[in-house]
Amino acid sequence: MIKLSELHLGVLTALGGIALLLASAHFGPLPGQAYGAGTMPRLIGWCSILLGGFMIATSLKHLPDMLKPHLSDWVRTPRLALAALATLAVIVFYILFSETLGFIPVSFVGLVAMMLVLRTRPLTAILASAVTTLVVYYGFSRLLMVPLPRSEFLSFLG
Amino acid sequence: MLIFEQAAGLVFQPYVLMVILASAAFGMLVGAIPGLTATMATALLVPMTFFMDPVPAIAAIVTATAMAIFAGDIPAALLRMPGTPANAAYVEDAYRMTQSGRGDEALGAALVFSAIGGLFGAVVLMTVSPTLAEIALKFSSEEYFWLVLLGLSCAVFVNPGSPTRGLISLLIGLFVATIGMENPSGEPRFSFGNLELMAGIQFIPAMIGLFAVSEVLRTVTATSPRQKIPRSDGGGIFRSQWKNLKQYPVQTVRGSVTGTALGILPGAGADIAAWISYAISKRFSKQKAKFGTGHVEGLVEAGASNNSAVSGAWIPALVFGIPGDSITAIVIGVLYIKGINPGPTIFINDPQTVYAIFMVFILANLIMLPLGWLAIRGARPLLSIPPSTLMPMILMFCIVGSFAIANSMAGIVMMLVFGIIGFFMEENDIPIAPAILGMVLGPMLEQNFITSMIKGDGSVLHFFERPIAAGLGVFTILIWLFPLLMLILRRRSKATVAA
């Protein structure tokens, strides 16, 4: 991931503040009052602009160093970058497929895949994923009555 | 007396006691795993507490938090990896004690003095809260406005990192709190027509994302390899503690008092308390040079301090509804979900629940001793589980936990988004705690600000018209001016040196 300098963060904060001011421009006040839904977002917007401005001003002294963003060490290591991607991919995979395939297969496949990417031994990955999936499934769906997504072809499990 | 009996009836039930035991084990597990914080234990526990009555739900959180903070000392002593940030202050001493064959003494000191600190904080919580609540009943929107602003200010300026980054975090939290229809005019804000967003950001999935998912990402991208665990040195963990207690009574009391006081301060928590207590211990020690070389003195004081801060943080949470740290910020969310409004009226409307919480604190710190002993004995196999197997398991708990809050995929999407935000913030040294406090206190700040402005007809001076409000206001402004003052003084001294 990109590590931003004080200057970059200052610019981003100030831009965020401007965006917030623009986005909250249409919020009307309470009837008969000067304040309403727009008051707080506008205050946050102004504070962001002031803070961003302060950060930009204080970082101008170190300008050459501040201009270049740095990459985190893990981004340059393919194995670790893949691990980060796998973590996010498991969540996205669950969001996209759990409703149609059901909790058990999606959880099991997601866990095995992530463990393999993180270099767990295949047999350990399969066993640990199976145990985790079943513990989570029975714990949440049976004990806590959470309606976890269910698939028809694995309905015999619960 | 009747209230006390009712409270005891709420706590001493087989179900509640079982919940306390189970959450103690859970807290131990999370705390003992390096990188997983007490806040993460709380965030992961919340989906479970969703299905419990208020007392077992709070009992689960109180117990798990106290246990997690102690258990964080186990990897600190064995692997030089503090289990939670609250254990980082004295990690060097604990680890060096293990290396020199005094590992059991180090872990015993961490356990015993954590329990003492926790009990001290619980007694202060029990005695101070009702009196403070009586005073707080007289508070109006102006006092609450300043109190909230004071809490947010402390979160920014007490943090060890840069105040500007703390402020960015706070502004992010305050912005997130504005999303949805919960505002003075009930107008949808920043929801883009999305029904889920109109109801506001779901607090618990956001919490799980910011703390747990970001931590999973941080762990799987860590570049440093894991260390091997040294064998037990065979000494009993309680053997030297009586001697330590007799040798360091002042340090024990001072650590407990400092921790409780810092816990009460909104925005500060166990992490900061441990660092400050360790520094105080070193400053007043007769053996300053021994600190950091495997000396137990700092461990005694900071160990008592971090756990007493956990109890202290509940005082502003219960009395004013203002969290003392990120854990109580989550707790306040849980209390609201349970239909309990934290604040002075809770002592009138629901006193049995309040006294039940007090009892839980005492109970949690007492059972910490036998359970802690078990945890120390069982920690070695647990610490051998590689993160490559453990992190995916935790991730699955996060996913299901976020789904369980509203039985909707929107919770998981929010968790994902906040997980990425949390990871980005951590990578850029932006602290997460101010954002959490901003999210929790944002609506309270907005409501009290607008009410006060309407009452005062737009006059800012109205915020200083009542004596307590004026005092709180001046104190808050001084906190904001302090960094500026320091900057001017530093520049002036530099100019003098240059001249």
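Predicted model: local features only at pLDDT ≥ 70, side-chain atom pairs only at ≥ 80, totals over all residues.
A:Leu148 belongs to the segment after α6 of chain A. With neighbours within four places in sequence left aside, A:Leu148 is in contact with A:Phe103, A:Tyr137, A:Phe140 and A:Ser141, and also with B:Val400 of the other chain. A:Leu148 and A:Glu99 are 49 residues apart in sequence, yet their C-alpha atoms are 8.8 Å apart in space.

The contact between the two chains takes 50 residues from chain A and 45 residues from chain B. On the side of chain B that touches chain A, the elements that give two or more residues are α9, α11 (203-220), α20 (387-406), α21 (409-427) and α22 (433-455). Of these, α20(B) gives the most, with eleven residues. By type, the residues on this side of chain B divide into 30 nonpolar, eleven polar and four charged.

Chain B contains 23 helices and zero strands. Taken along the principal axes, the C-alpha atoms of chain B fill a box of roughly 70 × 65 × 55 Å. Of the 499 residues of chain B, 61% count as buried. Among contacts in chain B between residues at least 6 apart in sequence, 77% join residues that are at least 24 apart.

One pair of packed helices in chain B was examined. Two packed helices are described by the angle between their axes and the distance between the axes. Helix α6 (residues 91-99) and helix α7 (residues 103-136) of chain B pack at an angle of about 145°, and their axes are 6 Å apart. In this pair, B:Ala94, B:Met97 and B:Thr98 of α6(B) meet B:Gly103, B:Glu105, B:Ala106 and B:Ala110 of α7(B). The residues of this contact divide into four nonpolar, two polar and one charged.

In chain A, the domain assignment gives domain 1 (2-71) and domain 2 (75-157). The centres of domain 1 and domain 2 of chain A, taken over C-alpha atoms, are separated by 39 Å. Helix α1 of chain A (residues 6-23) has 18 residues, and at 1.5 Å a residue it should span 26 Å; the C-alpha atoms at its ends are 25 Å apart, which agrees. The buried residues in α1(A) include A:Leu7, A:Leu9, A:Gly10 and A:Thr13. A:Gly16, A:Gly17 and A:Leu20 of α1(A) are buried as well.

Two residues with positive phi were also noted. A:Arg119 has a positive phi of about 75° although it is not a glycine. This residue, A:Arg119, lies in the loop between α5 (103-117) and α6 (122-143) of chain A. A:Arg119 is exposed, because 12 other C-beta atoms lie within 10 Å and a residue counts as exposed at 12 or fewer. In chain B, phi of B:Phe192 is near 50°, a positive value in a residue other than glycine. B:Phe192 is found in the loop between α9 (163-178) and α10 (195-198) of chain B. With 8 other C-beta atoms within 10 Å, B:Phe192 is exposed.

Terms used:
Residues numbered from 1 in each chain as written. Chains lettered and ligands numbered in written order. Helix = DSSP H or I, 4+ residues; strand = E, 2+ residues; numbered from the N terminus. Buried ≥ 20, exposed ≤ 12 C-beta atoms within 10 Å, placed from the backbone. Contact = placed C-beta atoms within 7 Å. Nonpolar A, V, L, I, M, F, W, Y, C, P; charged D, E, K, R; others polar. Expected span 1.5 Å × (residues − 1). Axes fitted to C-alpha atoms, helices over the stretch in contact; angles between N-to-C directions. Domains from an automatic or database assignment.
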